[in-house]
Amino acid sequence: MEEFWMSMAFLMGVFAFFQSILHAVFPPELRLAALKLFHCGFLCFSTYCYFDITEIDGVNTNELYHAVQLYLSRSASVAASRLSLSRGLNSSTFTFGLTSNDCLVDTFCGATATWEHVVTQRQWQTFSWRPLPEEKRSFTLRIKKKDKPLILPAYLDHIMETATDLRRRNQDRLLYTNSRGGSIESRVVPWESVPFKHPSTFDTLAMDSSRKELIMADLKDFAEGKAFYEKTGRAWKRGYLLYGPPGTGKSSMIAAMANYLGYDVYDLELTEVHTNSELRKLLMKTTPKSIIVIEDIDCSINLTNRSTKKLASPFDLRPTGGCGAEDVNAAAKTMTLSGLLNFTDGLWSCCGSERIFVFTTNHVEELDSALLRSGRMDMHILMSYCSFPALKILMKNYLGLDDGELGGDTQENCGLLRELEEVIDDAEITPADVSEILIKNRRREKREAMAELLEAVKARAEKRKKERGGSSAAARKKSLGDEMEEEEEQEKRALESPNESGEEMDGCNGKEEKREED
Ligand SMILES: Nc1ncnc2c1ncn2[C@@H]1O[C@H](COP(=O)(O)OP(=O)(O)OP(=O)(O)O)[C@@H](O)[C@H]1O
Ligand SMILES: [Mg+2]
């Protein structure tokens with residue numbers, strides 16, 4: 001080490017000596033040329049190569065500079081002695097940065113990379129359509145020449161990816177809405193946002209754990225599936241249809257999805273969208289890594305109200321009579337089901353990437369089959385009444401019951417849980433209703449609260465039984481299942497021997513016709 005410093009001191013001495021000779025003997029132009037030559041010679045014989053990444057590239061902002069800044073902020077907090085601190089817009093975390101002329105050492109694939117933050121005063125204001133900062137900022141990357149082919153450009157790709165990820169994690173996620181009552185600014189900035197702070201997660205969501213895990217695995221596969229989507233030539237997007245009675249957790253599921261993936265949410269209010277082109281513009285203004293939600297699709301897409309003409313189908317804008325230029329014009333100025341399908345499925349749906357579409361409905365049976373066909377909504381998720389496993393999650397959330405208590409650790413608990421398990425399916429009670437009961441009783445003793453819940457669930461089961469004319473929910477489900485099986489059987493028979501029954505044949509053709517229309 002001592003030898004190294006001695007040789008460095010010697011080199012510096014030689015350099016100073018030559019510089020003083022240059023100063024004394026040669027004119028300034030020659031001195032500058034000689035120094036340049038010396039610099040080139042130094043770079044030629046040096047074992048290192050250098051890369052300058054300036055903040056402004058010509059007149060444009062250099063994305064790489066900001067990515068490096070963010071990337072280095074990860075290790076800057078522990079490695080550097082003097083730091084700059086900042087907090088971005090919509091961010092709840094602080095970002096560390098290197099101050100002027102500070103250095104940081106990083107490693108990538110076994111190679112060492114030294115970063116220096118270089119800040120100098122701008123000499124003169126170059127002509128530009130926007131004012132440039134007074135300081136000229138850049139990062140200088142120094143790596144060994146032998147490492148260059150090994151780590152470039154992979155190292156820079158790694159920096160860009162890490163920075164994007166950090167930016168997303170540092171930033172509060174946003175909830176966007178397009179419902180701004182047709183104001184003028186809504187035409188310029190179609191989405192308005194607020195920080196998204198919904199506390200629902202897959203842990204707090206009351207649902208059978210196996211189904212939950214299936215959905216989480218599907219989401220994870222999607223988020224990590226960039227290569228798969230590229231390889232198969234599919235747009236990197238996925239559609240989920242959440243259906244079920246009110247209060248079963250459809251909106252909570254969307255929030256849990258967004259929190260799980262760390263995505264922004266675009267809550268699309270279809271009633272505020274008047275034409276297909278407006279819908280397309282809204283889509284173009286969404287960012288990747290986001291969930292685009294259309295809640296209560298059955299209510300918000302009553303397209304019959306959107307035209308003065310009588311329509312052939314509540315979901316489409318085909319007028320019942322004629323197809324003149326006027327009608328075509330009217331159709332162009334309104335929003336149609338096909339416009340919506342293009343939004344989720346067509347060429348425009350792939351502007352941007354990594355986006356999830358979620359539709360919710362309380363009445364899946366009222367949806368147009370075109371919306372439900374396979375490939376359009378990749379996963380149909382039934383959010384149903386509270387099951388026993390879901391009930392246990394709610395008791396854990398609201399009453400703070402631990403695993404032992406939920407497993408029936410005392411005889412009393414065991415009895416209450418068994419009774420709840422027996423009666424919960426017959427009660428057909430929503431998680432929202434159970435939550436309400438638990439909120440009311442949350443200050444009570446846990447056992448008292450459970451007993452209250454049992455009473456309420458029993459009363460609900462009794463009421464349901466009367467409504468069903470005395471049969472249990474399970475029996476009703478079975479009879480419904482039997483009816484459906486019988487219908488399927490009849491359809492099969494009709495297909496196998498079409499001449500035997502003219503009625504079934506017509507029914508079948510009717511179906512085919514509908515499919516063709518779709
Ligand atoms: N599965 C669930 N897990 C946890 N909490 C739930 C669940 N379902 C409902 N809740 C509770 O009930 C409230 C209403 O639920 P949510 O808004 O998610 O229901 P929804 O299915 O979207 O209802 P709607 O069809 O009326 O929009 C939530 O605030 C949540 O606390
Ligand atoms: Mg909802």
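Which residue in E12 is the bridge partner of threonine 177? It is aspartate 267. Before going on, some ground rules.

This is a predicted model, where local features need pLDDT of at least 70, side-chain atom pairs count only at pLDDT 80 or more, and totals for chains, interfaces and linings use all residues. Residues are numbered from 1 along each chain as its sequence is written, while chains are lettered from A and ligands numbered from 1 in the order in which they are written.

Back to the strands. Helices (H or I, at least four residues) and strands (E, at least two) are DSSP runs, numbered from the N terminus. Strands pair if DSSP finds at least two bridges between them. E9 (residues 174-177) runs parallel to E12 (residues 264-267), with three bridges. E9 also pairs with E10 (residues 192-195), antiparallel, over four bridges. There, tyrosine 176 has serine 193 of E10 as its bridge partner.

Last, valine 105. Valine 105 sits in strand E6 (residues 103-108). Why does valine 105 count as exposed? Because it has 11 C-beta neighbours inside 10 Å. The cut-offs, with C-beta atoms placed from the backbone, are 20 or more for buried, 12 or fewer for exposed, and partly exposed in between. From valine 105 to leucine 72 is 9.4 Å, C-alpha to C-alpha, across 33 residues of sequence.
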